[in-house]
There are 2 protein chains.
Amino acid sequence: MTKKEITIYDIAEALSISPATVSRGLKNHPGIGKDTKKRIADTARKMGYQQNMFATNLRRKNTNTIGVIIPRLESYFHSTVISGIEKVANAHGYNLIISQSQESYKKEVNSVSTMYNSRIDGLMISLANETKTTDHFEELLKKQVPLIFFDRVIEHPDCTSIVIDNKKAGYDATIHLLEQGCKRIVHIDGNVNRNVYADRLEGYKQALQQHNIEFDQSLVLNIELTDQATAVATQKILTMKQLPDGIFTANDISAVSCIRELKRAGVRVPEDIAVVGFNNEPIATVIEPNLTTINYPGKEMGEIAATTLINKLKKQPSGNLNTIVLRHNLIIRDSSLRKRKH
Amino acid sequence: MTKKEITIYDIAEALSISPATVSRGLKNHPGIGKDTKKRIADTARKMGYQQNMFATNLRRKNTNTIGVIIPRLESYFHSTVISGIEKVANAHGYNLIISQSQESYKKEVNSVSTMYNSRIDGLMISLANETKTTDHFEELLKKQVPLIFFDRVIEHPDCTSIVIDNKKAGYDATIHLLEQGCKRIVHIDGNVNRNVYADRLEGYKQALQQHNIEFDQSLVLNIELTDQATAVATQKILTMKQLPDGIFTANDISAVSCIRELKRAGVRVPEDIAVVGFNNEPIATVIEPNLTTINYPGKEMGEIAATTLINKLKKQPSGNLNTIVLRHNLIIRDSSLRKRKH
């Protein structure tokens, strides 16, 4: 029989506080007061606590495996993020395992549990549309498995998020359409439960306001942003009493579907309706006219997410980073260029 | 502050025994005496202990996790296969973890080992270009973890392969070009180390022979089949003393790149050069002219691979299947249609 181990639960009981507080106190978490931290540290020392004992007993120390959970594998954007992650992970001797949530909270919970059971050293995740809480990550975090959010993120005191400024990007796309002379701009957006789509909508509104155009909710279509859903949405747009003269869609798949349907209906792009997409996927230079879009540096995002995670795994000082914001930029092509056209 | 959870440490403390003994007792470990087990069970019940699902899963025999290894995540074709696998796996309560070999044998070996360490119940794989042997699967197979090959396969007495008839598909594509009046057909192909590319080349040769056209090795370009590599190959084609009048490329990304470069060089598609691709990706209907291509039923392939694997896991009689061949078909669009054009 082994000597009884002291755990955070014993310390919590001795101090009549929660194990979560003990865990955070021992990690020098900023949310825990200085006095509480001292009491926790003193008690831990007195009781002979050694960190990580439970984790060490239950888990092998390092598997050199990092988990990645994304909403959909067939997303070109997410595959570029993964290629960035893979590049950095390989250079540091880590292997990746990947799982998809298919935008479902339930599937995301399952994926996290599968990753946990695969004994990953760390996890990177872009959240499903349905996800609203972080409870399903607590078990991992309790075991000191670091977690990084990218692209679709949520606030968590222990986690770093890697994003672009989606509000500014939505603003840039809309301002560009306004500067091309558009006055009635439709915004095709995703599920505003997710930061990325809510922020792009905010940027759209801000740009309209700046040009003294009143926001019209009937010009915002929240859809799944797939080829098919956009084709349906475009048919709906074509039945509007007054047609828009610009469309800003929140991804390129959707923009391409939109242009195709407009052309089929005999609407000229960009003369009748100018179109701007989001992501800068390869398809943007295949569709005719070539698509104006926001360049989203997916590979760079993956590289930075992986570097941040690996620094945490190697206990390298990286500061207590909360959010890292990458640069985006608007790439202007023919689908929106009206001013030079005639 | 959250309600305190009862852990094995609390039970251990109450009984003055080690947490390891509590853990083993709760799992009915043979090394723990009957009386001790009873004391542990009684105390756990009294204290309101709930077994930790994660910890329980760690020691369960089945992990309900299936592994999938593909060459590249950014392949649309492979993402459709995975969506088919995911559909069937979810319906049977299995979770997927996915890894990519990036066409490297060494990375494939690492991925197999990561999957093994994640204690997957079964594995499905489409092989890297570099892979020539099956030694790296033997450890899994020894542990009776079933293995299914799909798309890019290799002979193994214990494994089922799911394929299409690539030779017939290459033949169909080439015969179509010949029937459109093409007499000098370039074939842009991948690494012939892989069955899929070797077989498509065979089909191309067979079709030429049937039309009494002598095979000319200088008209076969073996490249990486990426956008960039095809752009370079197309520039090379454009310097040929005698231009071809048809091009059959072994994937759609390559066909689209090829059409773009031809158009930029002022070559008319299909009038001067007719082009046929392979896979029927969404981009085939975005490029203008729309691409004639082989429809490769990726989602169906994934569904059948997963069904075959799960039948093996459930020890259901499925016969000793060696190879399952799915149906392909040629989809004729404007990029090759010369006969109706003028």
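This is a predicted model: local features need pLDDT of at least 70, side-chain atom pairs count only at pLDDT 80 or more; totals for chains, interfaces and linings use all residues.
Let me start with one pair of strands: in chain A, strand β6, which covers residues 185-189, pairs with β7(A) in the parallel sense over three bridges, where strands are DSSP runs of E with at least two residues, helices are runs of H or I with at least four, both numbered from the N terminus, and two strands pair if DSSP finds at least two bridges between them. Within that pair, A:Ile188 stands opposite A:Leu221 in β7(A).

Residues are numbered from 1 along each chain as its sequence is written, chains are lettered from A and ligands numbered from 1 in the order in which they are written, and side-chain values use heavy atoms, with hydrogens and water left out.

Now to the sheet around that pair. In chain A, six strands form an open sheet in the order β7-β6-β8-β9-β10-β12, with mixed pairing. Its edge strands, each pairing on one side only, are β7 (220-222) and β12 (329-331) of chain A, and the twist averages 20° from one strand to the next; for angles, axes are lines fitted to C-alpha atoms, for helices over the stretch in contact, and the values run from 0 to 180 degrees between N-to-C directions.

What lies across β6, β7, β8 and β9 of chain A? Helix α9 (residues 195-210) of chain A does, running at about 170° to β6(A). Helix α11 of chain A, residues 252-264, packs on the sheet as well, touching β6, β8, β9 and β10 of chain A, and its direction makes about 155° with that of β9(A); contact here means heavy atoms within 4.5 Å.

The side chains of A:Arg260 and A:Asp227 meet in one at 2.9 Å, N to O, and the pair links distant parts of the chain, since A:Arg260 is in helix α11 and A:Asp227 in helix α10 (residues 227-238) of chain A, 33 residues apart.

In chain B, four strands form an open sheet in the order β7-β6-β8-β9, and here the pairing is parallel. Strand β8 (residues 246-249) of chain B pairs with β9(B) over three bridges, and B:Gly246 stands opposite B:Ala274 in β9(B). Helix α8 (residues 166-179) of chain B lies across β6, β8 and β9 of chain B, running at about 165° to β8(B).

Finally, how do the two chains meet? 43 residues of chain B are in contact with 44 residues of chain A. Across this interface there are four salt bridges, and B:Lys263 and A:Glu288 meet through their side chains in a salt bridge at 2.6 Å, N to O.
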